[in-house]
Each structure stands twice: as structure tokens, then as C-alpha cells.
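Student: I'm new to this one. Could you walk me through how to read it, one feature at a time?
Tutor: Happy to. Let's have a look at it together.

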Amino acid sequence: MSVGVRRASAAGALALALVVFGLFPVVFTDPMATSIAVFTLIFMVATTAWNIFSGYSGYLALGHAVFFGSGGYTVALAARDWHVKGGWAVFALLPVGGLVAAAIAIPVGLVALRVRRHTFVVITIAIFFVFQLAAFNLGFTGGTSGILLPFAPFAAANYNQPFYYVALVILVLTVVLSWAVRRSRFGLQLLAIRDDEDRARGLGVKTWRVKLIAFVISAFPVGMVGGLYFYFLGQVFPQFAFDPLFDVSLALMGFLGGIGTLTGPLLGALVLESMQQYLTQSFSGTGTYLIAYGVMFLAVILLLPRGVVPTLAELLANRRARAAGGPDTTRDATVRGGVAGVAR
Amino acid sequence: MSGTALLQAIVDGILTGGVYALMAAGLTLIFGVMDIINIAQGVMVVLGAYLSYELSAHLGIGLLPGLLITVPAMFALGVALEFFFMRRLREQDRTGMSILITFAVAILIEGALSAIYGVDYVQLHSSYVDKSVYVLGFYLPYIYLIGFGLAVALLAGLYWMLYRTKFGRAVRASLQNRTAADLIGINVNRTRTISVGIGVAVTAVGGMVFGATNAFNPNSGYDLISRLLAIVILGGMGSIGGAMGAAILMLVVSDVVAVAWSPTWAPLVFFAALVIVLSIRPQGLFGSPAIRAQ
């Protein structure tokens, strides 16, 4: 396939996806379907944003619930203290939630990014627990009962639609952001850090600054959808806002789809979150749900450690190489670092 | 705050710190030989506590004799964990994958415990749990003394095994250089399996003492693992002595904070210490600089 044909088919797929997502709540008006769709879009945004940092830089962050929860609390507090009426006006507060999350990411990143690998992961988890503790115990967060958000006066029949379209707009912007980062010089620097941080620094990449900026960028959309999520629920509680399962969910969705790719996190979140929402709305009992989640998690890591998108891309490349009569070299060439270059 | 209350807090901190030292030593041993952080260590402690609960509440086996059953059971769990999951990780992305895999195991255990026991809090009871002894002006609950005694004995045993036996030398060799250990005829896979088994087995003891001194439910693992992670990082990853020192230091400090300020914010001490220490010494209090690259 020539580059032109490939580009045209990518544009076609993109247009088709936009039409499908745009028409979804018009075609499926069942509130259960649309609420699952809202949650799914929110997780697609969060996973894509998480991937901008963790996927491109290779630093596994397991504390993005900090930004999700901070966004939620910011929007709830802003709506309460500024007396914002329920309705579309609350959506205008979402960027504030994103900004606060990004601002929080600066000190968090300054501490966490001093270390690498395991220690980095553990530090992000530890910082997450600091925020959880604070949300439970600080005065202004309302403790265990949390804070109510204003009631949205949308018509009951189409109540979910405004949330859906706002989430879709944020998703499109986040994907554009991820794509732009990936194509930029800055994105190349991040990928260089993933492949070999010391060599990247030797080549003149200001690794520390690049990592911190990516961390802050990735916090912003997560804060925005955090606000949206809790506006949709109507209340923000500490156990939902700072949920360790949220942290691992993003990683799991990213790994299922293929981290470091543009479409992988979208696919992973689309499949897992819709399935998970369907399961929780159909079955009750946290125990069984956690067991199913754990099993699924292990299966993904053991059977598809590199994710769906890179695996598929490699299969496709192999077939193309074989059709062209060339030797099967793609496997070796794509094993390290090159994966993301093939899988788009 | 009176001087006695402060001293009592310090003594309590040392006694509970011993048990945390044991749990953290298991975590750091697994990290040392496998290069894997076992996120499930916290929920395994809770699992150990539930095993003791099951034995004492339903089968009438006391907490201490019950250890003869729970310790081998947890050892077997550790061996299975290494054999079925950790061994299958590929070398690339090992860091991320190993953390996710042990997190998945943690979720699985938490789910199984919630399905069986629900979310209600339980606590272990025994004749020696609620009594205390009065020594030199302090009230020392028996269970704290028993827990501390067990922890010290087991840590001494662990130390002896690692530094005085042939198996311990094999463990340390595989820890330093896998290929070289292979070359001189050490069965690295078996050494690793047994080490993970031992690292997990200590959670049975930790769980018994934890369950007798705290009310717990299937969610309690998160609180524990966050403390244990803070301890092993403070002590320097992979350093067993460091983990012990950091455990006692942190428990004393947080108990003093609980008395002097407020019990609610005592856990914050762990994380605050972690952040401050890492800002100054990224390799931890007792770690070597090479750890920084990790």
C-alpha cells in the first residue's frame, strides 16, 4: 500500500468513527446504553491522556486517580462556592478542573520523577494514598460523604446526551493532543527516553524537563473528565474520586490496546470499560466483579503482553512482507522500540 | 502530652515496628531476587489474617498453633505465584508487567475474600490478645510482645539463612548476577521460587499479629501495602537490614505523631518521610547509589 492510499484509508476510518460515535446516542436511546457510553468515553479520554506520559515515556504511572479526583473536587467546589446553576454552565468549569489537576501534577512530578522504574511506580502509588487520606480527612472535602454537585436540569429522556457529547468533544481534543505530541520533536524526545534515557540525555535531550512537561500535559484531560464524571454521578466521594482501581484500570486498558500507540488506549478503554460497566450494571456483589476483573487482567498480561494494536500491526506487516516475497524480518526489527513506529 | 504517653508511644512503635519489619523483609527479599515488587504483599497479610481467623473461629485451632498451618499455606501460595506468573514475564517491560501482574493477583485475592467474608470488619481473639503485662510503668499487651518476639526470631532466622547457609549464598548470588550464578551451577529458578515462597510465608505471621491488633476487612490490604512500600523504599530497595531499620523508625515516628497530634494524620508521616527522603537521597536511607538507576 502506498503512503497516499494508507493516509486516505486512515482518514476514512477516522470519519467513519466520528460518525458512529456522533450518532450513537441518537440511535441507541436506552439510558443504560447511553450511560455506559458516557463512562466509556470518559475512560477513553483518561487512558489516552495517561498514555501521553506513560506510553510515550515508558514510565508507568499508577497515580492518575490523583488528577481524576482533584478535577472532580475542583469542579464540585467551584460549582458550590461560585453558585453555578446546574446545566451547561457546569461544563464550563471542566477546564478549571483540568488546570488544577495540571497544577497539582507539577509538584507531584517534581518529586516522583527524581527516581526511575520500580521506585517511580511506587512513589506514584504513595502520592496517590496521600491524596486519598487528605480527601477523607480534610475539612473542605466534606469527608466520607463528599460534596454534592448541582443537579443538571436536562430532560429525563435525553439526560445522558449532553454528558455524552461533552465527553466526545474532550475525547477528540485529547486524541488530537496525543497525535500532535507523538508527531512533534517533543514526542520523539519522549520516545527516546523510553528507549534509553541515559543515551537520550547524552544526545542532548533535556530529559527531566521533557518528562515533567509530558506528566503535566497528561494530567490536564484526566482532571477535566474527573469533573465530568462526578457531575454525571451528582456527587464526589473520596472512595470514588481516589480509587486505586482507577489507577490500574488505565494501565490495564493501555496495555490491552498497546501502550505507546495512538489507537491502542482508545481500543483498550472502549472494550474494557464498556464490558466492565455492563457487568457491574448486570451483576451486583463487589467480590465476583473483582474476581472477574483480576482474571481478565492476568489473561491480558500473560496472553497479550504487548497489546492488540502492536500485535495486529506486526501480523499485518509480516503478511505484507511475505506477499512481497521479502524475508520475514519484521519480527526482529519491531521487537524493541520500533513497535510504536509500526503501529499507528 | 505527658512524658509517659510519649514513652508508651515509642515502646508501642518499636513493638509493632518489629512486625512491619518482618512483612517488609519479605517484600524486599522478593524484590531482591526477582526484581519484582509484590503489590499483593498487603492483601496477602490480610489473607493470612483471614486464614488464622478461619482456623481459630471455626476449627478451634489457636492463633499460635495455627501458624503451623498458615505459614506452609502461604509459602505454597508464594511458590505458585512465582511458578505460574512471575517466571513467565519477559525481560523487556518487566518492571511494568510485574507490578501489574502482582496488582492483578491482589485484586483477585481481595475479590475472593470479599465474596466469602463480605466487607464487615473482624478481629482475631484469643486469651492472650486482650491481656497486657505491666512492666516498668508501661502496659504492654501480650500480643504485641508475642508478635515482636516472633518477628525478631524469624528475622534472625532469615538473616542466618541468607548469610550462613549454602542456600543463602545461592540466593545472594542469584540476586547479584543471574548469569554468573547459573554458570557456577546454582539452580537459579529453584532458588528464586523458594525465595518468593519465603517472602510470602512471612505474611502468615504478619497477618496473624496484624489481625489480632487491628480490625480488618478485605480492603485493609491497600493501607498495609502503601505503608510497606514506603518502608522498603525508605530502607533502600533490596536491603533487608534497611527495611528493618526503616520499619521500626517509621512506626515509632507515626505512633508518636498519633499521640502528639492526631491518629488520623499519622499515616501521612510515612508518605511525608518518603517524599522528603527521596528529595534528598533518591536511593533511600540505606540503599546504594546504583539503586537510583532502578
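Tutor: Keep in mind that this is a predicted model. Let's start with A:L99, which sits in helix 5 (residues 94-112) of chain A.

Student: Is A:L99 buried, exposed or partly exposed, and why?
Tutor: The idea is to count neighbours: 20 or more other C-beta atoms within 10 Å makes a residue buried, and 12 or fewer makes it exposed. A:L99 has 16 of them within 10 Å, so it is partly exposed.

Student: How far is the C-alpha atom of A:L99 from that of A:M224?
Tutor: Those two are 125 residues apart along the chain, yet their C-alpha atoms are separated by 8.2 Å.

Student: Which residues touch the most other members of the largest nonpolar core?
Tutor: That core has 207 residues, and the ones with the most contacts to other members are A:I42, A:A126, A:A167, A:L228, B:A24 and B:I231. Helix 2 (residues 31-57) of chain A contributes the most, 15 residues.

Student: What does B:A24 touch?
Tutor: Leaving out residues up to four places away in sequence, B:A24 touches B:L228, B:I231, B:V232, B:A243 and B:A247.

Student: And how many residues are in contact between chain B and chain A?
Tutor: On chain B there are 38, meeting 35 residues of chain A. Helix 4 (94-117), helix 9 (220-235) and helix 11 (266-280) of chain B each supply at least two residues of chain B's side. Helix 4 of chain B gives the largest share, 15 residues.

Student: What classes of residue make up that side of chain B?
Tutor: Sorted by class, it has 25 nonpolar, nine polar and four charged residues.

Methods. Residues are numbered from 1 along each chain as its sequence is written. Chains are lettered from A and ligands numbered from 1 in the order in which they are written. This is a predicted model: local features need pLDDT of at least 70, side-chain atom pairs count only at pLDDT 80 or more; totals for chains, interfaces and linings use all residues. Two residues are in contact if their C-beta atoms, placed from the backbone, lie within 7 Å. Helices (H or I, at least four residues) and strands (E, at least two) are DSSP runs, numbered from the N terminus. Ala, Val, Leu, Ile, Met, Phe, Trp, Tyr, Cys and Pro count as nonpolar, Asp, Glu, Lys and Arg as charged, and the others, Gly among them, as polar. A nonpolar core is a set of buried Ala, Val, Leu, Ile, Met, Phe, Trp, Tyr and Cys residues joined through C-beta atoms within 7 Å.
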